[in-house]
2 protein chains.
Amino acid sequence: MDSPRWLDDEEQRAWRAFLFGGRQLMNRLDRELQASAGMPVAYYEVLVGLSESPGRAMRMSELARRAESSPSRLSHAVARLEELGWVRREACPTDRRGAVAVLTDEGFRVLEAAAAGHVEGIRSHLFDRLSREQVAQLREIFEAVGRPLSDEPDPPCDEDQSCPG
Amino acid sequence: MDSPRWLDDEEQRAWRAFLFGGRQLMNRLDRELQASAGMPVAYYEVLVGLSESPGRAMRMSELARRAESSPSRLSHAVARLEELGWVRREACPTDRRGAVAVLTDEGFRVLEAAAAGHVEGIRSHLFDRLSREQVAQLREIFEAVGRPLSDEPDPPCDEDQSCPG
DNA sequence: GCACAGATCTTGAGCGCTCAAACATTTCGG
DNA sequence: CCGAAATGTTTGAGCGCTCAAGATCTGTGC
């Protein structure tokens, strides 16, 4: 098994720690939010995105981009959130093939109710275990990981991530 | 919205960077592995776990623990991997309610074929973007996140994570 | 021995995600 | 203006994961 560029010992450990710890963290937050608010983290993120947008509304495509979500996934998610009465769809005034997701008042209340507990989970499972320095390191590391990936669409073959300036 | 302990600005940024960058990284690795080897990362991890165990075999419960997976999830996964002919189940000799998953020769070949490409992905999407120092920081951060969580079962109510010393 | 709690693993239903395909609309080229 | 390509969004099938429940076995106390 002589791959061109294998992982050395330190990389191996870092990767496994990230895989294990990251999964544990996200699993736990997901279970907690599911128990307290009856929704997965992915849906919570959608509500947060809308709540921070002017008018608590956003184009589907823009919302998908911010949540690092495929259009399909967001469409399904918004369909579910619409069933729950937390989001509503409206036609886009400037582009008739577009759709705008709007956070309902009830959706906003649900979000408010869920937020404190969720943040407490993030704090106790993540930030309470890190020094002030490590928080900065975490940010730098994942800014380095996330930035270039969102620019380059996809080296090998297809490019599904549009760059819609 | 006055939660007891809200996130300050630096924490907010760190959390969002981690959420976005981490998702982007895992999404990409998942797509790449799915395209090149026809299996999700979670299944790949199962094969890796088995390949590193003496006799390329492991108790289901032990395998689940290492992959940060529920027993149910692992059972479904192994069922699928068995269909594909990459893993086979055997009875456990010392405990008749136990089952042992064994990596087949074909499973090992598939793993070998997938490994180089997957590692190349980890390298190019993660480690190539980090300094040597940051790799060590990443490990320390997620060891801090993962260790205590695997010890403490679950503060609020139920404890589904056994501590089977 | 025997009942009973606990451990190990499996099963089935429900749901979210992915992928490919469809649809509607806009944009571009002639 | 008309057809072709590109864009924005939805839909349906397939699959993996979660949760609750069940089946099987081990260990303990009587």
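User: Which residues of α1(A) are called buried, and what makes a residue buried?

Analyst: This is a predicted model. The buried residues of α1(A) include Trp15(A), Phe18(A), Phe20(A), Leu25(A) and Leu33(A). Glu11(A), Gln24(A) and Glu32(A) are listed as buried too.

User: What is the reach of helix α1 of chain A, and what is it set against?

Analyst: Residues 9–37 make up α1 of chain A, 29 residues in total. From first C-alpha to last, the helix reaches 41 Å. The expected span is 42 Å at 1.5 Å a residue, and the value is close to it. Just after α1(A), Gly38(A) takes a positive phi of about 70°.

User: In what order do the three strands of the chain B sheet stand, and why are β1 and β2 at the edges?

Analyst: The order is β1-β3-β2, in an open sheet with antiparallel pairing. β1 (57–59) and β2 (87–91) each have a single partner strand, so one side of each lacks a neighbour in the sheet. Neighbouring strands are turned by 30° against each other on average, direction ignored.

User: How do you know that β2(B) and β3 of chain B pair?

Analyst: Pairing needs at least two bridges. β2(B) and β3 (residues 99–103) have five, in the antiparallel sense. They therefore count as a pair. Arg88(B) stands opposite Val102(B) in β3(B).

User: Which strands does helix α2 of chain B lie across?

Analyst: Helix α2 (residues 41–51) lies across β1, β2 and β3 of chain B, at about 95° to β3(B). Helix α4 (residues 71–83) lies across β2 and β3 of chain B, at about 115° to β2(B).

Definitions and conventions. Residues numbered from 1 in each chain as written. Chains lettered and ligands numbered in written order. Predicted model: local features only at pLDDT ≥ 70, side-chain atom pairs only at ≥ 80, totals over all residues. Helix = DSSP H or I, 4+ residues; strand = E, 2+ residues; numbered from the N terminus. Expected span 1.5 Å × (residues − 1). Buried ≥ 20, exposed ≤ 12 C-beta atoms within 10 Å, placed from the backbone. Axes fitted to C-alpha atoms, helices over the stretch in contact; angles between N-to-C directions. Contact = placed C-beta atoms within 7 Å.
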